[in-house]
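Please open the model in a viewer and keep the selection tool at hand.

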Amino acid sequence: GYKVGGTVDPLSGVAPGTSGNLLTSNGSAWTSAAAAGGGAWTLLGTGTASGSALIEFTSLIDSTYDQYEVTISDVIFASDSNQLYMRTSTDNGSTYDAAGGNYANGTNTIVHNGIVTSSTIAAINASTLVELVKTASVGNAAGESLSGRLSLYKPSSTTTTKFSHNFVYDDTNGNFVQSYGGGCRHASADVDAIKFYAASGNITSGVFRLYGINNS
């Protein structure tokens with residue numbers, strides 16, 4: 001029978017257990033509830049831009065997860081011909097690393113211009129910041145925006161933190177662009193905060209979400 005308002009779920013007959021658990025089946029009935037397996041994403045924080053000089057995540061990145069993901073949705077810049085930058089911190093955002101040579105980053109850009117596709121590659125180099133798209137080319141006309149994601153690997157490491165990124169956007173000529181690449185932060189210190197900002201001007205709008213990827 002069904003028990004309503006008690007500790008047994010009326011749909012499964014199995015006690016609900018812990019929030020986020022999944023049901024296990026033996027092929028004929030639901031038998032138990034258990035924690036989800038590895039790879040689950042845990043939302044840690046959301047930053048919504050509104051004429052913002054920067055979006056940062058502090059007090060959220062540590063050794064809890066080996067991998068963190070940032071999804072970036074529908075970013076529109078106040079200035080045309082723009083690009084998105086990133087810097088990292090080792091003191092929870094009190095300061096951000098801007099030392100020469102502490103970042104290396106390579107980016108491949110594919111521009112779809114009608115039936116013509118062109119590809120350019122930016123060499124890995126020593127820099128004071130991370131360029132998440134190769135050139136200052138993101139448009140801000142009606143319908144033009146930037147979206148994508150960044151993966152941060154083992155930020156608690158005190159030797160090097162690697163990252164990869166993948167973005168799509170509209171350039172100033174109205175072309176659709178794919179931009180992807182990766183690199184590392186060379187400094188011998190952990191990463192416990194990150195910030196995103198425009199090459200020039202503010203970020204008019206856009207949503208940035210930080211997730212931790214469960215280790216097991």
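This is a predicted model: local features need pLDDT of at least 70, side-chain atom pairs count only at pLDDT 80 or more; totals for chains, interfaces and linings use all residues.

A residue is called buried under 20% relative accessible area, exposed over 50%, and partly exposed in between. With these limits, Arg149 counts as partly exposed, because its relative accessibility is 37%.

**First selection: Arg149 and Glu69**

Select Arg149 together with Glu69. The two residues form a salt bridge, with 3.1 Å between the closest N and O atoms. Arg149 belongs to strand E10 (residues 146–153) and Glu69 to strand E5 (residues 67–77), so the pair ties together parts that are 80 residues apart in sequence. Glu69 is buried, since its relative accessible area is 2%, whereas Arg149 is partly exposed.

How many salt bridges does a search of the whole structure find? The search finds 2. Select Arg185 and Asp97 to display another salt bridge, in which the closest N and O atoms are 3.2 Å apart. Distant parts of the chain are linked here: Arg185 lies in strand E12 (residues 176–185), and Asp97 lies in the loop between E6 and strand E7 (103–113), 88 residues apart. Both Arg185 and Asp97 are buried.

Select residues 193–198, which make up strand E13. Are the faces of E13 covered or uncovered? Both are covered: Ala193, Lys195 and Tyr197 are buried on one side, and Ile194, Phe196 and Ala198 are buried on the other. Because 6 of the 6 residues of E13 are buried, the strand is largely enclosed by the rest of the structure.

Strand E4 (residues 55–57) runs antiparallel to E13 and is joined to it by 3 bridges. To locate this pairing, select Phe57, whose bridge partner in E13 is Ile194. Strand E6 (residues 84–89) also pairs with E13 in the antiparallel sense, over 6 bridges.

Move to strand E14 (residues 203–213), which is joined to strand E3 (residues 41–52) by 10 bridges in an antiparallel arrangement. Thr46 marks this pairing, with Arg209 as its bridge partner in E14. Strand E5, the strand that holds Glu69, is likewise antiparallel to E14, with 9 bridges between them. Select Gln67 to find its bridge partner in E14, Ile213.

**Fifth selection: the whole protein**

Now display the entire chain. Which elements are present, and in what numbers? The protein has 14 strands and 0 helices. Of its 216 residues, 38% are buried. Among contacts between residues at least 6 apart in sequence, 71% join residues at least 24 apart. The protein exposes about 10600 Å², of which carbon and sulfur atoms supply 52%.

Finally, colour the model by pLDDT. The average over the protein is 85, and 76% of the residues score at least 70. Select residues 1–9, where pLDDT stays under 50. For this segment the model has 9 contacts beyond four places in sequence.

Methods: Residues are numbered from 1 along each chain as its sequence is written. Side-chain values use heavy atoms; hydrogens and water are left out. Buried means under 20% relative accessible area, exposed over 50%, partly exposed in between (1.4 Å probe, protein chains only). Helices (H or I, at least four residues) and strands (E, at least two) are DSSP runs, numbered from the N terminus. Two strands pair if DSSP finds at least two bridges between them. Contact means heavy atoms within 4.5 Å. Accessible areas come from the Shrake-Rupley method with a 1.4 Å probe; for residues, only the protein chains shown count as cover. A salt bridge is a side-chain nitrogen of Lys or Arg within 4 Å of a carboxyl oxygen of Asp or Glu. pLDDT is the predictor's confidence in each residue, from 0 to 100.
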